[in-house]
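The structure is placed below for reference.

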Amino acid sequence: MSGLAYAEDEDPDELQKKGLVVVEPVNVIVSRDNENYALKPYRERRPKWGITTSIGYSTYEPIKYEPDNVVADFNDVYGNPTIPMLDVLFSVKRNVAFGSLGVEFGAGYYEVSSYNKTVNGDSTLNLIPARLGFIMALDTLGPDPIFVPYFAGGAYTMIFDESLGGNSHNGNTQVSGYFHGGVAFSLHWLDRMGAVVAYRESGVEATYAYLEAQKYLRAGAEADGDFSNEISYSGGIRLEF
């Protein structure tokens with residue numbers, strides 16, 4: 001093995017001429033710090049491109065929607081959601097000096113039923129918001145930032161299905177706008193060794209818990225129904241690869 005060994009300052013071109021293979025350092029290399037292994041700082045190890053995926057819970061409620069089956073307001077017919085809005089989001093991002101810019105794709109699911117079936121019948125409303133937008137994150141505020149502010153916005157369509165006694169009102173709204181923004185909190189410091197293992201075995205660059213505010217704007221067509229909301233809040237987990 002001594003014949004194949006070489007110092008770090010040897011010329012790679014000369015080594016290749018000798019028939020030796022130059023193995024480039026990879027980002028899974030860790031450094032020693034106080035006798036504990038630690039990942040290189042996030043700002044140093046992250047590549048030019050990355051992807052994120054997240055899942056979260058939202059307080060969204062379409063309180064401005066007027067039920068199709070009865071003449072009443074949303075809150076007069078529907079109670080607490082059977083399934084609160086669950087959000088799944090995927091983004092592709094380009095890392096730059098001040099942070100990152102990306103494109104996000106998201107969808108959710110929401111289900112609510114009438115709480116007074118004697119008066120309003122057994123009515124059910126199912127919603128699936130599908131959205132496409134852009135996101136900006138300030139994820140280089142430090143070598144290993146603990147707080148990452150971000151803001152995103154784009155276009156969405158609401159796929160809806162409201163049913164009562166076999167009668168169904170369904171479809172999807174015209175495209176309208178949405179916005180959301182908040183802060184992601186790095187979880188790296190909670191389990192530094194676990195972060196090293198996740199990085200080396202699964203390529204997880206960072207893990208975050210996030211809190212954000214959301215706003216859906218009303219679609220243009222009156223017949224679609226008004227699925228816009230007051231400001232709602234969401235929280236969940238986000239992984240970056």
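Predicted model: local features only at pLDDT ≥ 70, side-chain atom pairs only at ≥ 80, totals over all residues.

Entry 1, classes and conventions. I counted Ala, Val, Leu, Ile, Met, Phe, Trp, Tyr, Cys and Pro as nonpolar, Asp, Glu, Lys and Arg as charged, and the others, Gly among them, as polar. Residues are numbered from 1 along each chain as its sequence is written, and side-chain values use heavy atoms, with hydrogens and water left out.

Rolling a probe the size of a water molecule over the atoms shows where empty space is left. For the elements I used DSSP runs numbered from the N terminus, with helices (H or I) of at least four residues and strands (E) of at least two. Strands E4 (83-96), E5 (99-113), E6 (123-137), E7 (147-164) and E11 (232-240) each give two or more residues to this lining. By class, I recorded eight nonpolar, three polar and five charged residues in the lining of the largest cavity.

Side chains of opposite charge can pair when their charged atoms come close. My criterion was a side-chain nitrogen of Lys or Arg within 4 Å of a carboxyl oxygen of Asp or Glu. The count under this criterion is eight salt bridges. I also noted accessibility for the partners, where buried means under 20% relative accessible area, exposed over 50%, and partly exposed in between (1.4 Å probe, protein chains only).

I looked up Asp 139 first. Asp 139 pairs with Lys 93, with 3.2 Å between the closest N and O atoms. Asp 139 is in the loop between E6 and E7 and Lys 93 is in strand E4, so the bridge ties together parts 46 residues apart in sequence. Asp 139 is buried because its relative accessible area is 2%, and Lys 93 is buried at 5%. Which residues form a network of salt bridges? I found Arg 46, Lys 93, Asp 139 and Glu 240 linked in one.

Next I examined Arg 131 and Asp 87, whose closest N and O atoms are 3.9 Å apart in a salt bridge. Arg 131 belongs to strand E6 and Asp 87 to strand E4, 44 residues apart. Arg 131 is buried at 8% relative accessibility, and Asp 87 is buried at 4%.

A further bridge joins Asp 144 and Arg 45 at 3.9 Å, N to O. Asp 144 lies in the loop between E6 and E7 and Arg 45 in helix H2 (residues 42-45), so this pair ties together parts 99 residues apart in sequence.

I used patches of residues with over 30% relative accessible area and no salt bridge, in which nonpolar side chains (Val, Leu, Ile, Met, Phe, Trp, Tyr) are joined within 5 Å and like charges within 9 Å. Areas came from the Shrake-Rupley method with a 1.4 Å probe; for residues, only the protein chains shown count as cover. Trp 49, Ile 51, Phe 90, Val 92, Phe 105 and Leu 132 make a nonpolar patch of about 560 Å². Strands E3 (49-58) and E4 each give two or more residues to the patch. Ile 51 is in strand E3 and is partly exposed at 33% relative accessibility.

Ile 146, in the loop between E6 and E7, is partly exposed at 43%. Its C-alpha is 5.6 Å from that of Phe 185, 39 residues apart in sequence. Gly 194 is in helix H5 (residues 192-202), and its C-alpha is 10.0 Å from that of Ala 38, 156 residues apart in sequence.
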